[in-house]
Amino acid sequence: MADMTYLLLISGFIFLVKGADIFVDGSAALAQKFSIPPLIIGLTIVSFGTSAPELAVSLSASLKGANNMAIGNVIGSNLFNLLAVLGISALFYPLYIQHDSLTKDFPYVTLISFVLLILTMDHLFQNGEIDFLSRSDGLVLLSFFGIFMYYLIRSALHSRAHTIDEPKIPTISLGKSVVYCVLGITGIIIGGEFVVNSASKIAIQFGMSESLVGLTIIAIGTSLPELVTSIAAALKKENDIAVGNVLGSNLFNILMILGLSATISPMTISSTIFPDLLFMLLITLFVFIYCLIFKNIGRILGGVLTICYIVYTILIIIRN
């Protein structure tokens with residue numbers, strides 16, 4: 001029985017990663033067929049598509065009442081993106097940060113991380129006895145997501161005429177694009193179910209908390225698409241894609257995933273998750289300030305970020 005649980009967990013990750021990969025290819029081809037600007041494709045479909053596993057897992061966990069696993073998955077994935085994905089990508093090739101990322105995207109990610117901290121700390125700001133993300137909190141996050149999408153599309157359309165050397169997207173027939181989208185979504189849904197169910201059983205078996213499972217096993221597993229995409233982009237010297245993928249994914253994780261999860265089913269927040277939430281905010285702020293000063297993430301910082309993630313993972317396992 002235990003072997004089957006691990007097999008389902010591994011199978012779930014395979015379904016998630018491959019499903020997200022197929023979905024990105026299919027939806028990008030569809031967007032191209034309908035003349036959607038390539039810049040919008042890169043900033044939305046690529047970053048949001050790689051976050052589809054987190055969406056499937058968090059929604060599934062939230063609907064099953066595993067709230068700490070759902071929010072742990074988002075926080076853990078965001079930390080993995082900031083520390084491991086950016087760090088490892090920079091080890092392959094230094095990441096030079098674009099002006100728009102420094103003046104718009106990074107500040108917005110930092111602001112949203114702070115907003116999430118405020119919304120979850122009901123005991124401090126609203127004198128509540130229980131900390132939770134209510135449906136109204138979920139709607140607030142979804143509203144911020146709408147603002148982000150409006151800004152993104154407006155900026156993309158405005159800069160469309162000045163964009164050079166945009167990444168090329170393989171041409172796929174219309175019928176195959178639709179099939180890819182359907183298969184991708186199906187794989188993501190099945191993978192999400194497998195991961196949540198098997199991870200919950202493993203957590204119970206080893207006495208691990210839901211939040212720890214979400215912060216580690218699930219967060220790393222569902223963030224594999226971001227890691228693969230950003231490393232590939234770094235190797236091709238597509239810095240804007242590597243960095244934009246991380247920033248877009250982190251925004252999607254907080255605004256869309258937690259916003260939708262809380263709107264569907266209010267999420268009770270365990271006090272044990274607040275140190276991780278605060279750490280996520282501090283790391284976001286640190287990377288933002290560093291990039292603001294040096295305009296890049298070099299190999300040295302890449303190594304530091306990667307080591308920080310390893311140390312953080314060890315500490316939260318010991319803490320449990």
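In which kind of crossing, left-handed or right-handed, does H4 pass H13?

Modeller: This is a predicted model, in which local features need pLDDT of at least 70 and side-chain atom pairs count only at pLDDT 80 or more, while totals for chains, interfaces and linings use all residues. Residues are numbered from 1 along each chain as its sequence is written, and side-chain values use heavy atoms, with hydrogens and water left out.

H4 passes H13 in a left-handed crossing, that is, the near helix is turned anticlockwise from the far one by less than a right angle. Helices here are DSSP runs of H or I with at least four residues, strands are runs of E with at least two, and both are numbered from the N terminus. The chain has 13 helices and 4 strands; H4 covers residues 67-92 and H13 covers residues 299-319.

Two packed helices are described by the angle between their axes and the distance between the axes. For H4 and H13 the angle is about 140° and the axes are 7 Å apart. Axes are lines fitted to C-alpha atoms, for helices over the stretch in contact, and angles run from 0 to 180 degrees between N-to-C directions. The two helices are therefore oblique to each other (under 35 degrees counts as roughly parallel, over 145 as roughly antiparallel, 65 to 115 as roughly perpendicular, and the rest as oblique).

Contact means heavy atoms within 4.5 Å. Among the residues making it are Leu79, Leu83, Leu86 and Ala90 of H4, and Gly302, Leu305 and Tyr309 of H13. By class, this contact has 14 nonpolar, 4 polar and 1 charged residues (Ala, Val, Leu, Ile, Met, Phe, Trp, Tyr, Cys and Pro count as nonpolar, Asp, Glu, Lys and Arg as charged, and the others, Gly among them, as polar).

The surroundings may be considered next. A nonpolar core is a set of buried Ala, Val, Leu, Ile, Met, Phe, Trp, Tyr and Cys residues joined through side-chain atoms within 4.5 Å; buried means under 20% relative accessible area, exposed over 50%, and partly exposed in between, with a 1.4 Å probe and protein chains only. In the largest such core, of 83 residues, Leu86, Phe106 and Ile297 touch the most other members. The largest share of this core, 13 residues, comes from H4. Leaving aside neighbours within four places in sequence, Ile297 is in contact with residues including Leu86, Ala90, Gly302 and Leu305.

Lys295 lies in the loop between helix H12 (274-294) and strand E4 (296-297). Lys295 is partly exposed, at 42% relative accessible area.
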